[in-house]
Amino acid sequence: MTILTGWLQRFTILNADAPKSPWGNGPTGNSGGDGGPRNPWAVPPGGPRGGTKPTALDEFLRRARGTGGGGGGNGGGFSGLPGAPNVRSLWLIGVGIVLAVWILFTSFHQIGPQQRGVVTFFGAYSGTLEPGIRLTLPAPFNAVTKVDVQQIVTDDFPATQGGGENLILTSDQNIIDLAYSVRWQIVNAQDYAFQIADPRETVRATAESAMRAAIATTTLDDAIGSGRAVVEARVQQMMQEVLDSYNAGVRIQGVSIKQSTAPEAVIDDFKAVSAAQQAAVGNINAARGYAAQTLAYAQGEATSFDKVYEQYRLAPEVTRRRMYYETMEGVLAKSDKTIIEAPGVVPYLPLNGAAARRLPDAAPEATPAPARQPAPATGAGQ
């Protein structure tokens, strides 16, 4: 305790010997209480001299500090400035602008010529808007869903180009790879928006089901050949019936089969079978043509024979001789002929044929025929 008291006395002595401040008795004094000079930056003891009023800048700074939460005033802000609105007025103006924008963008609706607007009141259907600029209650009271009723939507199966095989079983236990497309259009905006949760997927599922049902009753040859048009018509009819039962508000415009081939794994064998079938059909057609030609010839011969028979019944001897002459004419016309008379043999020269067989440089010389024995007395022979 004695040591602590000694140190305090030393500190007091050192502090008394410190140099005085030029503005007062202490080192940092602010007033000249002992008659010394006064600090020129300090406020006089009696307050500001002459009652000087704060400037506009001082008032602005004070208001700004009050707005930041550090002071009072009339609510802070710039309300103290001449002609400036108070905070309540600014809030009212901002709220009015927000309300105006909200009503403008949620109450006025532009419906295109190809569109219909489905209006709901808190989620329940309340009407349909025709094309033009229409007015409804603002959201969330009314909501408008625009539906395009003129666009033709095309769905491809498979969904993407080269998206894999679409294998379907035919009625004759064959499998084909089928690619087709379905075109449909919205005809009732209300039903389209409310009756089905996912109309696009519903149409696709209906198309696949109808196509598989139609191919299941069709043979392979019809599915890849002339029966494709019949399959398309059946699928369109079946789809429309199913969607009408759902009240989907959709009309099927058409179904088009773009490709119907065998699966890739058996495409070579399928082509060989197809070629064999085409060859078989060609042979059958050729046989039928030959049969028809032969039958027509036989019918012609029978008709000719009937005519000859009628003539034979009228004149048997004349008809018999005429038939003999016609037969001999047909036989002798294709062979060389020799006429034999007694007492020798005279060759018959076919002048018409000899001119054709004659050499161009020299004519053949006539060779006398060798003498032969006289013919028997029975007459001429052949």
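## Exercises on bridges, packing and backbone

Glu317 and Arg320 sit three residues apart in helix α9 (residues 316-332), so about one helical turn separates them. Helices here are DSSP runs of H or I with at least four residues, strands are runs of E with at least two, and both are numbered from the N terminus. You're looking at a predicted model, where local features need pLDDT of at least 70 and side-chain atom pairs count only at pLDDT 80 or more, while totals for chains, interfaces and linings use all residues. Residues are numbered from 1 along each chain as its sequence is written, and side-chain values use heavy atoms, with hydrogens and water left out.

**Exercise 1. Work out what links Glu317 and Arg320, and how exposed each one is.**

Step 1: Check the pair. Glu317 and Arg320 form a salt bridge, with their closest N and O atoms 2.8 Å apart. The criterion is a side-chain nitrogen of Lys or Arg within 4 Å of a carboxyl oxygen of Asp or Glu.

Step 2: Through salt bridges with shared partners, Glu317, Arg320 and Arg321 join into one network.

**Exercise 2. Describe how α8 and α9 pack, and sort the residues of their contact.**

Step 1: Two packed helices are described by the angle between their axes and the distance between the axes.

Step 2: Read them off. The α8 and α9 axes come within 5 Å and cross at roughly 135°. That makes α8 oblique to α9. Axes are lines fitted to C-alpha atoms, for helices over the stretch in contact, and angles run from 0 to 180 degrees between N-to-C directions. On that scale, under 35 degrees is roughly parallel, over 145 roughly antiparallel, 65 to 115 roughly perpendicular, and the rest oblique.

Step 3: List the partners. Val308, Gln311, Tyr312, Arg313 and Leu314 of α8 meet Pro316, Thr319, Arg320 and Met323 of α9. The contact divides into five nonpolar, two polar and two charged residues.

Step 4: Follow Arg313. Arg313 is exposed at 54% relative accessible area and forms a salt bridge with Glu310, the closest N and O atoms being 4.0 Å apart. Both residues lie in helix α8 (residues 267-314), three residues apart, so they are separated by about one helical turn. Glu310 is partly exposed, at 43%.

**Exercise 3. Track down two cis peptide bonds and two non-glycine residues with positive phi.**

Step 1: Most residues other than glycine have a negative phi, and most peptide bonds are trans.

Step 2: Find the cis bonds. Ala139 and Pro140 are joined by one, with omega about 5°; Pro140 is in the loop between β4 (132-135) and β5 (142-148). Phe157 to Pro158 is cis as well, with omega near -5°, and Pro158 lies in the loop between β6 and β7 (167-169).

Step 3: Find the positive phi values. Phe122 has a phi of about 55°, sits in the loop between β2 (115-121) and β3 (124-129), and is exposed at 54% relative accessibility. Asn247 has a phi of about 55° and is found in the loop between α7 (228-246) and β9 (250-261). Asn247 is partly exposed, at 42%.

How values were computed: Buried < 20%, exposed > 50% of the residue type's maximum accessible area, 1.4 Å probe, protein only. Contact = heavy atoms within 4.5 Å. Nonpolar A, V, L, I, M, F, W, Y, C, P; charged D, E, K, R; others polar.
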